[in-house]
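Have the sequence and the model side by side.

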Amino acid sequence: MQNDHSVNVTVIGLGPMGRAMAGAYLDQGYEVTLWNRTPSRAAELVRRGAVLAASPAEAVAAGELVILSLTDYDAFYAVLGAVDPAVLAGRVLVNLSSDTPQRAREAAAWAAERGAVQLTGGVLTPPSGVGDPASSTFYSGPREVFEAHRDTLSVLTGTDYRGEDPGLAALFYQLNMVMFWTALSSYWQALALADAHGITAAELLPYARNALDLGRFLDFYAPRVDAGHHGGDVDRLAMGLASAEHVLHTVTDAGVDGALPAAIVDLFRRGVEAGHGDDSSSRLVEVLKKN
Ligand SMILES: NC(=O)c1ccc[n+]([C@@H]2O[C@H](COP(=O)([O-])OP(=O)(O)OC[C@H]3O[C@@H](n4cnc5c(N)ncnc54)[C@H](OP(=O)(O)O)[C@@H]3O)[C@@H](O)[C@H]2O)c1
């Protein structure tokens, strides 16, 4: 990768993610300017050569590329709202803060009104994956701005440009998070049930890895869903409902919280009650669309 070390990079937001990002730029020899609401979080990075700005405006002014790694877009406005638009003008704001696609679009418009450009990002790795090209971040916004800064952004993770709409990176990120949080919650649920029976996480680990390795199911269902094919030739929703009820009863019999399996039973039951008991459980995609 060709890195342009003449680019001064500013990192605003020094949670675990922002600190990892600033560290990755320092590792590659970039000039790095920092700002964080809680300045003490910058201490280690300053020891390594970063400059801590006295204000958000000073931080924005120092960096041609301004990376924002904040909790959400409320924090984005809290930090940049007070910055003189003359300072923002001409800056590229790489907003890697998580929020909704709509809020990403609004922030891009807010930036444009001040003469700045927002590239929206959705980071798909924990801080430990920052600096690893095998990790990935979704980006969206003006293509030429993304291309101009692709190499600098590639210091953080691999890049996956989704398109011009500033909401797209947030949308693809949220699509991932729908799956991530739901799947991870299923793991917490299984661990609570396992613990109720004296089974440790270590003992369950190989089975959990296998259960959550859903790739072959996704490969099977994706073309069928796109073709609107929900035939019950492989699985039937009525069978799924019975199975989901067995899960719920096993959980509640053990005295474990059943809110999550109850929600799944409710979903499957609505599908069956809508007359889809003989279809595949993939019919639930259609059921969910009709909320
Ligand atoms: N951590 C992960 O594993 C992970 C993975 C993928 C994506 N992400 C996303 O990356 C972003 C950053 O992650 P993180 O774990 O570093 O988040 P975090 O722990 O929530 O920290 C984010 C930063 O936001 C700042 N902040 C929050 N509210 C603020 C406000 N009102 N005004 C000024 N600053 C404010 C915090 O400042 P203070 O230090 O002063 O509190 C901190 O610097 C989030 O959007 C997160 O969803 C995180």
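Does H11 pass H12 in a left-handed or a right-handed crossing? The crossing is left-handed. Keep in mind that this is a predicted model.

Take this pair in detail. H11 covers residues 237-253 and H12 covers residues 259-276. Their axes lie 9 Å apart, at an angle of about 155°. Angles over 145 degrees count as roughly antiparallel, so H11 is roughly antiparallel to H12. On the H11 side, the residues in contact include Leu237, Leu241, Ala244 and Val251. On the H12 side, they include Pro261, Val265, Phe268 and His276. By class, this contact has 13 nonpolar, three polar and two charged residues.

Now the cores. The largest nonpolar core has 54 residues. Met21, Ala22, Leu34, Val66, Ile67, Leu68 and Val94 touch the most other members. Helix H1, residues 16-27, gives the most to this core, with six residues.

Go back to Val94. Leaving out residues up to four places away in sequence, Val94 touches Leu65, Val66, Ile67, Leu68, Leu119, Gly121 and Leu153.

The other pair is H6, residues 101-113, and H8, residues 167-196. They pack at an angle of about 160°, with their axes 8 Å apart. H6 and H8 are therefore roughly antiparallel. Here the crossing is right-handed. H6 brings Pro101, Gln102, Ala104 and Arg105 to the contact, and H8 brings Gly167, Ala170, Leu171 and Gln174. By class, that contact has four nonpolar, three polar and one charged residues.

Methods
Residues are numbered from 1 along each chain as its sequence is written. This is a predicted model: local features need pLDDT of at least 70, side-chain atom pairs count only at pLDDT 80 or more; totals for chains, interfaces and linings use all residues. Axes are lines fitted to C-alpha atoms, for helices over the stretch in contact, and angles run from 0 to 180 degrees between N-to-C directions. Helices (H or I, at least four residues) and strands (E, at least two) are DSSP runs, numbered from the N terminus. Angles under 35 degrees count as roughly parallel, over 145 as roughly antiparallel, 65 to 115 as roughly perpendicular and the rest as oblique. A crossing is left-handed if the near helix is turned anticlockwise from the far one by less than a right angle, and right-handed if clockwise. Two residues are in contact if their C-beta atoms, placed from the backbone, lie within 7 Å. Ala, Val, Leu, Ile, Met, Phe, Trp, Tyr, Cys and Pro count as nonpolar, Asp, Glu, Lys and Arg as charged, and the others, Gly among them, as polar. A nonpolar core is a set of buried Ala, Val, Leu, Ile, Met, Phe, Trp, Tyr and Cys residues joined through C-beta atoms within 7 Å. A residue is buried if 20 or more other C-beta atoms lie within 10 Å of its own, exposed if 12 or fewer, and partly exposed in between; C-beta atoms are placed from the backbone.
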